[in-house]
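Trainee: I would like to learn how to read salt bridges, an interface and cavities in a model. Can we take them in turn?

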Amino acid sequence: MAFESLADRLQETFKKIRGKGKVSEADVKQMTREIRLALLEADVNFKVVKDFINRVKERAIGQEVLKSLTPGQQVIKVVQDELTELMGGEQSKLNLASKPPTVIMLVGLQGAGKTTSNGKLANYVRKQFNKNPLLVAADVYRPAAIKQLQTLGKQLNMPVFSLGEDADPVDIVAQSVEKAKEEHHDVVLIDTAGRLHVDEEMMEELQRIEAAVKPDETFLVVDAMTGQDAVNVAESFSERLNLTGVILTKLDGDTRGGAALSVKAVTGQPIKFAATGEKLDALEPFHPDRMASRILGMGDVLTLIEKAQQDMDEQKAKDMEKKMRTMSFTFDDFLEQIGQVRKMGPLDELLSMMPGANKLKGMKNIQIDDKQIGHVEAIIRSMTSEEKEEPDIINASRKRRIANGSGTSIQDVNRLLKQFKDMKKMMKQMMGGTKGKKKKNPFNLPFM
Amino acid sequence: MGFLNKIKSKLTGKNDSVTSKFKSGLTKTRQSVASKVNNLVKRYRKVDEEFFEELEDILIGADVGVNTVMEIVEQLKDEARSRNIKDTEALREVIAEVLAGMLQKEDEDSGIHMNPDGLTVLLFVGVNGVGKTTTIGKLANRFKQEGKQVLLAAGDTFRAGAIEQLEIWGERAGVDVIKHQEGSDPAAVVFDALAAAKSRGVDILICDTAGRLQNKVNLMKELEKVKRVIARELPGAPHEVLLALDATTGQNALSQAKTFGQATDVTGIVLTKLDGTAKGGIVFAIRNELDLPVKFVTLGEGIDDIQPFDADAFVYGLFADMLSEDEENEEANQAE
């Protein structure tokens, strides 16, 4: 969404203050108002916002940040620190039982993503901790919920325990733990039915399940798009159950996810995982600091860096750098580079993590299509190795052949050739010294 | 006669069960919004800046959204000034009036657009987990009860168990489901369903689609394709594109409505899970910021827990407590 980020808003506020020498009461009020609005637009509960503002006010004024040259930055830092702290500071780990099996129960409203998260979590514990999980289908109410879990089980090649739709969920769960012990499953993952926090009967059922198996972890599954009501939901579930953590789902959407803050503030329990996609490996440990940036609309630079580190091959990067310096960069290398970037994930996902990008996106509705990069790849792959090494030899008839081979037009080929040429020129300037004029856009990649 | 009483008398002509369904479904909402406003009115005798600030909080707390809340409060301030209202008690009626005015737009058709000659096609879209499949089941049942012949298309070929889920709803409603295998092309499913609907001469075809987050470009393109196939096979169709919105959703609901609107020309909104959430205020934001009418609301887990959206009943449900308190006061006064 085209919300202004808090950073931009505060910057604007401080522009007015700067040069005044003294900061008035009204200025402070304006500043806290901007923070308040930004948090409310991010769906942080208004009560949580109130407490938060008071804390920030104390810290911000106490440190005399307003005297600093960049008060906007300073205040943002304070806000971000406080947000991070409120969300649990450090990342927290999964609690595994010393004596197996570890019993994990997922609870939450309808449609929050419990069943899918169950499958993802099973995949996660198997991969990370080398566990042998048993999935338990205790949602006997929603049509085809059991079938859904069974399908996930099949995809993961994992057993699913079910007693059909007519069994009592408490019986199902109790028997599943026995079964896990017999068959040496060291993690039991219980999928419960979605329920409203105001549904007495259904909430009692959860309490009975809890009493029967005493889970090591009880996760409240919360949709990241939840609004102000997140507080009431979290309150009701944590009153009834011994919650140990939260899983935040659908974080791959464009929501700011202020619900995260509300839920943490109410339950006092850490958000342990974030679900970030539809595939079964799209579950990550939750990072409070990154979420703080996201709520403030500042982008998730750390995740981006981490992704780059994970997926970029260091040796290859060094080779590339050398090639750039020696000006022996060819279309083959270019292809290689595209491949490296692509490994990090869909481009629009990467873009969304960059600070300021969400604003850009909202305003101009720029949507990067992976297909376009596909076209570039196709064009390069339609070249002979000679052409890739020495693009200058590509004449009209070669262009026609390349366009035909790649299913693109001659204009597309021309555009790529020109861009490649410009890019090389630019590299020369960047690597060869500081002489030439600086280009406005140093990363003018053909697909951007 | 006060504004709320006016609505009430207007509603007495309507089906009682509709009103009571809204009332019971919105119990939680009413408690949070109405009782808070009442409480506020009691604490502040005079209409002043602080009163409005707290009112802002109450409305924001109901997910109405910052922009819309600001507009509502501005409007209230104007009303208070022009009518010279200084007493909060008197302003309470105005609050209900302004809110109701926001939901009601003159000469608007809030019903489902039916194709006058032959097959009507409804397409459901929305993000994951908002309740598309469940709502389709309820709607199919409703049309069936009205004596229509209904067919369902299992267009969610992605989520595990989605096809089975729709089939179970089809069984409950006594309606056939056209399906392919999991993982197949949703456009192909819809194509087949259209052919089947035409040859069987059914009245209404309802197409399910997989939930998708609105920022996934490729998935939105897929949805455009589904819609294109429908339009190609039956000119004028789909007659309605309904966006299912979870009432617990916060400000992201606006982004959903915008993006799905751009991709598929959404014609109306179905607000789901209104029984659970303590709010529903997003309805105000959607009416205010987007030109999209709410067509249905779902208020429970039963197959008949779906109602056409009725702004009067909705506002009455929100403020019924205020009204009964008024009446109690009146009675108390009379007793004295």
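Trainee: How many salt bridges does a search of the whole structure find over all chains?

Mentor: This is a predicted model. A salt bridge here needs a side-chain nitrogen of Lys or Arg within 4 Å of a carboxyl oxygen of Asp or Glu. Over all chains, the search returns 32 salt bridges. One of them joins the side chains of D223(A) and K250(A), with N and O 2.9 Å apart.

Trainee: Why does the pair D223(A) and K250(A) tie together parts that are apart in sequence?

Mentor: D223(A) belongs to strand 5 of chain A, while K250(A) sits in the loop between strand 6 (245–249) and helix 10 (259–267) of that chain, so the pair links parts 27 residues apart in sequence.

Trainee: How many salt bridges are there between chain B and chain A?

Mentor: The count between the two chains is 4. In one of these, K147(A) pairs with E164(B), and the closest N and O atoms are 3.4 Å apart.

Trainee: Which elements of chain B give two or more residues to the side that touches chain A?

Mentor: They are helix 4 (49–61), helix 5 (66–82), helix 8 (162–173), helix 10 (217–233) and helix 11 (252–264) of chain B. Helix 11 of chain B gives the most, with 6 residues. Sorted by class, this side of chain B has 20 polar, 16 charged and 13 nonpolar residues.

Trainee: What is the area buried between chain B and chain A?

Mentor: About 3,700 Å², with carbon and sulfur atoms giving 54% of that area. In chain B, the residues that lose the most area to chain A are D57(B), L213(B) and N215(B), together 13% of what that side buries. By contact, 49 residues of chain B and 39 residues of chain A take part.

Trainee: Which residues lie nearest the centre of the largest cavity?

Mentor: Of its 17 lining residues, those nearest the centre are L109(A), A112(A), V222(A), D223(A) and T226(A). Strand 5 (217–223) and helix 9 (230–240) of chain A each supply at least two lining residues, and strand 5 of chain A gives the most, with 4. The lining is made up of 10 nonpolar, 4 polar and 3 charged residues.

Definitions and conventions:
Residues numbered from 1 in each chain as written. Chains lettered and ligands numbered in written order. Predicted model: local features only at pLDDT ≥ 70, side-chain atom pairs only at ≥ 80, totals over all residues. Heavy atoms only, no water. 1 Å grid on protein atoms, 1.4 Å probe; cavity = no way out; pocket = protein on both sides within 12 Å on 5 of 7 lines; lining within 4 Å. Nonpolar A, V, L, I, M, F, W, Y, C, P; charged D, E, K, R; others polar. Contact = heavy atoms within 4.5 Å. Buried area = accessible area lost by both parts, 1.4 Å probe.
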